[in-house]
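Thanks for coming. I will take a few minutes to walk through one structure, so please have the sequence and the model open.

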Amino acid sequence: KLSVTNILKSLGIEIKNDYSGNMGELEKIIDYMTLVREFDTEKMFVLVNIRSFFDEDAVEKFIETAISHQYKILLFDAFSHPIVKGERRITIDKDLCEFWLKK
């Protein structure tokens with residue numbers, strides 16, 4: 001059978017996954033956002049507890065990259081982490097009081 005997959009396999013074309021370390025995982029997310037925007041439409045990406053998995057410097061670089069590409073992202077975190085450059089934060093407590101922070 002002739003299909004795109006079989007043609008690519010016969011040519012020896014492979015997708016290279018050269019992401020490494022914590023920043024590599026965040027680069028993979030940025031690349032995914034790029035693909036979605038390019039092949040679909042503008043989307044808002046919702047990321048849950050990302051600050052718990054990556055250090056502050058990596059998250060700051062991730063946010064800088066997302067801002068420079070004008071991606072729309074919403075970060076949900078269960079804990080309050082130090083605010084990083086480019087982040088706008090709203091905290092909603094159990095009484096539904098809102099607190100806004102921006103750096």
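How many aromatic pairs does the structure hold? There is 1 aromatic pair. Please keep in mind throughout that this is a predicted model.

The pair is made by Tyr32 and Phe45, with ring centres 6.3 Å apart. Their planes stand at 70 degrees, and edge-to-face means over 60, so the pair is edge-to-face. On the chain, the two partners come from distant parts: Tyr32 sits in helix H2, residues 21-39, while Phe45 belongs to strand S1, residues 44-48. They are 13 residues apart. Phe45 has a relative accessible area of 13%, and under 20% counts as buried, so Phe45 is buried.

Next, the largest pocket. Its space comes to about 940 Å³. The lining has 27 residues, and those nearest the centre are Leu74, Leu75, Arg88, Arg89 and Ile90. Which elements each supply at least two residues of that lining? They are helix H4 (56-68), strand S2 (72-76), strand S3 (88-92) and strand S4 (98-102). Sorted by class, the lining is made of 15 nonpolar, 8 charged and 4 polar residues.

Two of those strands, S3 and S4, pair with each other in the antiparallel sense, over 5 bridges. Arg88, already named among the residues nearest the pocket centre, stands opposite Lys102 in S4. The two strands form a hairpin, with 5 residues between them.

In the turn of that hairpin is Leu96, which has a positive phi of about 65 degrees. Is Leu96 buried or exposed? Its relative accessibility is 68%, so Leu96 counts as exposed. A positive phi in a residue other than glycine also turns up at Gln70, at about 60 degrees. Gln70 is found in the loop between H4 and S2. With 62% relative accessibility, Gln70 counts as exposed.

Last, a loop residue on the other side of that cut-off. Glu87 is placed in the loop between S2 and S3. Its relative accessibility is 11%, so Glu87 counts as buried. What does the side chain of Glu87 contact? A polar contact of 3.2 Å joins it to the side chain of Arg51.

I am happy to go back to any part of it.

Key:
Residues are numbered from 1 along each chain as its sequence is written. This is a predicted model: local features need pLDDT of at least 70, side-chain atom pairs count only at pLDDT 80 or more; totals for chains, interfaces and linings use all residues. Side-chain values use heavy atoms; hydrogens and water are left out. On a 1 Å grid over the protein atoms alone, a cavity is a set of points where a 1.4 Å probe fits but cannot get out, and a pocket is an open set with protein on both sides within 12 Å along at least five of seven lines; lining residues have an atom within 4 Å of a point. Grid points are joined across faces, edges and corners, and a volume is the space filled by probe spheres set on the points. Helices (H or I, at least four residues) and strands (E, at least two) are DSSP runs, numbered from the N terminus. Ala, Val, Leu, Ile, Met, Phe, Trp, Tyr, Cys and Pro count as nonpolar, Asp, Glu, Lys and Arg as charged, and the others, Gly among them, as polar. Rings of Phe, Tyr and Trp (its six-membered ring) pair if their centres lie within 6.5 Å; planes under 30 degrees apart count as stacked, over 60 as edge-to-face and the rest as tilted. Buried means under 20% relative accessible area, exposed over 50%, partly exposed in between (1.4 Å probe, protein chains only). Two strands pair if DSSP finds at least two bridges between them. A polar contact is a pair of N or O atoms within 3.5 Å; within protein, one must be able to donate a hydrogen and the other to accept it, and residues adjacent in sequence count only if both atoms are side-chain atoms.
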